[in-house]
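Please keep the sequence and the structure in view while reading.

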Amino acid sequence: MTTPAPKSMDAIMALCKRRGFIYQASEIYGGINGFWDYGPLGAQMKKNLRDAWWQDMILSPCWGRKGPGGQRVHCVPLETCIIQHPKVWEASGHIAGFNDPMVDDKETKQRFRADQLSGLFPEPSIHSSLEQIRPQCTVIASTVGEAIELLSADKSLRKAAGVRAIGQSFPDAGVIEADFGTGMARWNVALVPMSLLRDHARDVPSPYTGKKGSLTEPRQFSLMFFTYTGAVLDEDNKVYLRPETAQGIFVQFKNVVDTSRVKVPFGIGNTGRSFRNEITPRNFTFRSREFEQAELEFFCHPSESQDWYAFWRDFRMDWWKAIGLAGDNLILREHEKDELSHYSIGTSDVEYRFPFTSPGFGELEGIAHRGCFDLTQHQQHSGVKQDYFDQERGDPLPNGSRKGERYLPHVIEPAAGLDRGALALICEGYTRDESRPSPEFLKLHPRIAPIKAAVFPLVNKDGMPEVAEKLHADLSRRFGHLGFIETDPKQSIGKRYARMDEAGCPFCFTIDGDTLTGQTVTLRDRDTGQQQRIAIDQAPAMLGEKLQR
Ligand code: ATP
């Protein structure tokens, strides 16, 4: 099967700006790299995504599915601080290990992740300047596969339908080819493994200038933002902005067990902002420095952990499909053994083929079997016992009860990114159909769409605006907690439909002459453009039913 040509990221970003989904943060000051704000529609869309996660993970977990052995899936929420005691990050390993190797080009002052390709090529224009692309470059990678992956993820290559290697002279040199649809581009590539760069930085040509000797050796660069608490800015008062929400859950595990009558197996969920000082933030909101996570830590008995891992992995994949990503662009990828963190027994990623990763995929969510690593670490570093006494396990007693068993639960962690999720839904929903009067529209799932419905009078007279206003008020009262219900009496009806299509609004009700005589309205479907006539008093029930799907 061939991969379809990726959608235009420029067009998607333009729509996001034009319709108020996503803006550059601090734009009037020139923006700030790696930070994005959500406009009115984006803020509501992201809330809908967060609410869908909260509903399907915490309030009514897994749509009522039973867990392994028919067990009930039980989860509770938590809201924890962005700033925690610095020892939390020592225990979690973030202070020691949350680093990326960085290399500086001394001449151009460019800095890049030593294990990533960054800014090596001028932006190619499909029509004119393929030949301007630098014919020689250095890729800091150890294998052909890694080099292709890096090249495929590069912003300047996002218009290419595919990137592949030709020639067999690897591992240290070769030709990489990209297919732009209108022609092939080729690069002679020198492959430089990280280990070589570490030992012989002076012999490696700079990716920016092509000259040898201008690169520094790789240096560790911490991804954690820090600040100080209190008035004195010294090491003793240094604190970190959390790089993930998960640790806040682990350090409150005991409190939740002691205060909320939960029994293992159960989960604790948390959504909120996390911060990583990414070296090369890029690909729109995909890799930003401030982003939002939705994480669940599910605690279970070690003997059941593999089954719970499989359960959560499958459910999370089904969940992303159910809210609008049910196509070839979504995959579940099980990590190879050598990709796993040292403590992880298994990890799978839900990955989406973004236009800028195509033909490759980018991670939306990781589902990891973390064993008892985190609770063990916090137990050791805090000196506070984190084990759990399970009254329903252990040998049977004569009175019919059990002796009980004390153990450190194992943890399955589905960790999703809401910004990457929202971006994937926008990319998936973005559709061009030249046969429509207004060719661009956004097929968002009704649950996620920020505008749930619009009510239009066909013309702004003859009593139609009054009827529209009444229906609008009625729908807003019933469904306004789910998103916007719009109304707009001005402009041609075609323009009003087009605006709603671009905003991803799934349903439009129109009041026309027949409404006044026959008490009917038309209901227009965004994706097909088709209209059906229904009784006006059926409109709320009909919308309610459609929004539930
Ligand atoms: P990557 O390998 O892409 O850096 P990761 O494996 O470090 O991601 P996790 O630590 O597993 O990511 O975080 C869980 C989720 O948080 C990711 O699947 C992703 O959706 C989101 N996420 C992580 N880093 C970022 C970021 N810089 N910008 C936006 N979302 C992010």
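Helices (DSSP runs of H or I, at least four residues) and strands (DSSP runs of E, at least two) are numbered from the N terminus. The model is predicted, so that local features need pLDDT of at least 70 and side-chain atom pairs count only at pLDDT 80 or more, while totals for chains, interfaces and linings use all residues. Residues are numbered from 1 along each chain as its sequence is written, and side-chain values use heavy atoms, with hydrogens and water left out.

**Backbone features**

- Asparagine 283, although not a glycine, has a positive phi of about 60°, and its place is in the loop between S13 and S14.

**Ligand surroundings**

- The ligand has 14 residues around it, of which Arg276, Glu278, Arg287, Ser288 and Glu363 come nearest; a residue is near a molecule if one of its heavy atoms lies within 4 Å of it.
- By class, the shell around the ligand holds four nonpolar, four polar and six charged residues, where Ala, Val, Leu, Ile, Met, Phe, Trp, Tyr, Cys and Pro count as nonpolar, Asp, Glu, Lys and Arg as charged, and the others, Gly among them, as polar.
- Polar contacts (pairs of N or O atoms within 3.5 Å) include one between a nitrogen atom of the ligand and a polar backbone atom of serine 288, at 2.8 Å.
- An oxygen atom of the ligand lies 3.2 Å from a polar backbone atom of glycine 417, and a polar side-chain atom of arginine 420 is 3.0 Å from an oxygen atom of the ligand.
- On its own the ligand has 590 Å² of accessible area, and the protein covers 79% of it, as computed by the Shrake-Rupley method with a 1.4 Å probe.
- Strand S14 (290-300), strand S17 (362-371) and strand S20 (410-417) each give two or more residues to this shell, and S17 gives the most, with three residues.

**Second largest pocket**

- A pocket is an open set of points on a 1 Å grid over the protein atoms alone, with protein on both sides within 12 Å along at least five of seven lines, and its lining residues have an atom within 4 Å of a point.
- The second largest pocket has a volume of about 370 Å³, a volume being the space filled by probe spheres set on the points.
- Its lining comprises 14 residues, with Asp51, Arg447, Lys452, Leu482 and Leu547 nearest the centre, and divides into five nonpolar, five polar and four charged residues.
- Helix H2 (40-59), helix H12 (464-479) and helix H15 (539-548) each supply at least two of the lining residues, and H2 gives the most, with four residues.

**Largest cavity**

- A cavity is a set of grid points where a 1.4 Å probe fits but cannot get out, and a search of the whole structure finds one cavity of 30 Å³ or more.
- H2 and helix H11 (418-429) each give two or more residues to the lining of the largest cavity, with H2 giving the most, three residues.

Definitions and conventions
Polar contact = N/O pair within 3.5 Å; in protein donor to acceptor, adjacent residues only side chain to side chain.
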